[in-house]
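This report turns to the pocket and the aromatic contacts of the model shown here.

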Amino acid sequence: MEFSELIRTGQAQAELLRGPEMPPLRGTLCVTGHHLLLSPGPQATPDLWLLLLRSVDSIEKRVAGDAGTITLRCKDLRVLQLDIEGVEATLDIARSIEALSSLESVITSFPFFYRPKGLRLGEAWHFHPPERYYKRIARETWSSPLPVPQTRAWRLSEANEDFSLCPSYPRAVIVPRAVDDDALARSARFRQGGRFPVLSYYHAPRGTVLLRSSQPLTGRQKLRCAEDEELLRAVLAEARPGARGFIVDTRSAQAAKQARMTGGGTEAKAAYPGWKRLHRPLERGRPLQESFVRLMEACGDPEQSMDRWLSRLDGCRWLSHVKEALSTACLAAQGMEWEGACILVHGAEGTDSTLLVTSLAQLILDPLSRTMAGFQELIEREWIQAGHPFQLRCAHSAFSHTRPKHEAPIFLLFLDCVWQLGRQFPLSLEFGEGMLLALFDHSYASPFGTFLCNSEKERPVSALDPST
């Protein structure tokens, strides 16, 4: 398919309205395979207005007389209005934008065509491979104040080299040294999507660990897996003396019980001695997406009174989701720091609210994660490599007219939680809201390939590394 086949009209005269605080911009509007451009012309400012078509979330068109108006609602929450000369040109440009902004194939996206100056293709990939974090753990364990270094307690396993154990995990994961690869394979078959428990963070000051996984597949028969039980026993055995564990389940007790009817479930207390299960329900999926939509609807009404605004803000429950996520992360962090406990976090699939909790807990506990470089590593390790399905979750933002399928602003919720931490502790973060806004923009539409695809397995198939 050629992009030219989807472009019905190449250019038209138009006026762009970008908001009440910015002057209108008039000039020639052009449609390309990936961008919408408006050139003001030689007599005006030389600045060229540019919009990545992938950032368009919804489009509305109206015609009156011999002109038309196109309203673009973007994934970064901007609302733009184009007043275009000519009815036919308006309709053709609207159809072109609709077609080009909704292409599903990854290899047709702009990162595969973008060639920035000063960067070579593929050179920014894998800045933070699992091997690098494993070496950091080794250094920290040897310098730990604990009487017995725990370096030999963990190993870097490449049992998932071909993604046969878990398609959403990276090629290498950190696991207890006492558990061999055959046991990992059996544990993977006992966990949804193959996401067996792996190390997420080693807390050197207390010698405790944070792990993540998906739910066990106990089902109605309350099945067990000896290798999965052995893995979690090994975690406690290799931690500090007398360590105990908490399983933080991000579902309600009722939801976890219902999951058994469809093959899922929870860890039985008798099968996992030393581990105590805690339920801290966090919304995800459609309820979270609908909360985001209602928040944007409330923000987009400039005529409402303060009482009405506060009522709608409370009714959308977005800040409740922020509070619940931070409270659960604090629970995990306090368990590791104050009680010297090991923490396993999981929900159902282990790719959404699980990663939200583990990444926030690390931000609270680990000073390195609060630096610019450390925060970038945290996102790459806990979101991109850990298998958060960005392609599915960020397909649409808050303005799309299509019924939500897999969309959910989990990553945006994480960024909002980080912003809240920065507001409460202004000197704790080496970066500011500009960094968070940039990450939000790029997660939904970007000239780079960082957030494309849903897992490490998919990225080589699409040739992301050598092409973006």
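## Pocket and aromatic contacts

The largest pocket has a volume of about 900 Å³, where a volume is the space filled by probe spheres set on grid points joined across faces, edges and corners. The model is predicted, so that local features need pLDDT of at least 70 and side-chain atom pairs count only at pLDDT 80 or more, while totals for chains, interfaces and linings use all residues. Residues are numbered from 1 along each chain as its sequence is written, and side-chain values use heavy atoms, with hydrogens and water left out.

A pocket here is an open set of points on a 1 Å grid over the protein atoms alone, where a 1.4 Å probe fits and protein lies on both sides within 12 Å along at least five of seven lines; lining residues have an atom within 4 Å of a point. The lining of the largest pocket comprises 37 residues, and Lys-75, Ser-101, Ser-102, Ala-395 and His-396 lie nearest the pocket centre. At least two lining residues come from each of strand 5 (56-64), helix 1 (87-101), helix 11 (390-393) and helix 13, with strand 5 giving the largest share, four residues. Helices (H or I, at least four residues) and strands (E, at least two) are DSSP runs, numbered from the N terminus. By class, the lining holds 16 nonpolar, 13 polar and eight charged residues, with Ala, Val, Leu, Ile, Met, Phe, Trp, Tyr, Cys and Pro taken as nonpolar, Asp, Glu, Lys and Arg as charged, and the others, Gly among them, as polar.

The structure also holds 13 aromatic pairs, in which rings of Phe, Tyr and Trp (its six-membered ring) have centres within 6.5 Å, with planes under 30 degrees apart counted as stacked, over 60 as edge-to-face and the rest as tilted. Two of these pairs are set out below.

| Pair | Centre to centre | Angle between planes | Class |
|---|---|---|---|
| Phe-110 and Tyr-114 | 5.3 Å | 35° | tilted |
| Phe-440 and Tyr-444 | 5.4 Å | 70° | edge-to-face |

Phe-110 is buried at 14% relative accessible area, whereas Tyr-114 is partly exposed at 26%; buried means under 20%, exposed over 50% and partly exposed in between (1.4 Å probe, protein chains only). Phe-440 and Tyr-444 lie four residues apart in helix 13 (residues 433-444), so about one helical turn separates them. Phe-440 is buried at 6%, and Tyr-444 is buried at 9%.

One aromatic cluster is formed by Phe-375, Trp-383, Phe-390, Phe-411, Phe-414, Phe-431 and Phe-451.
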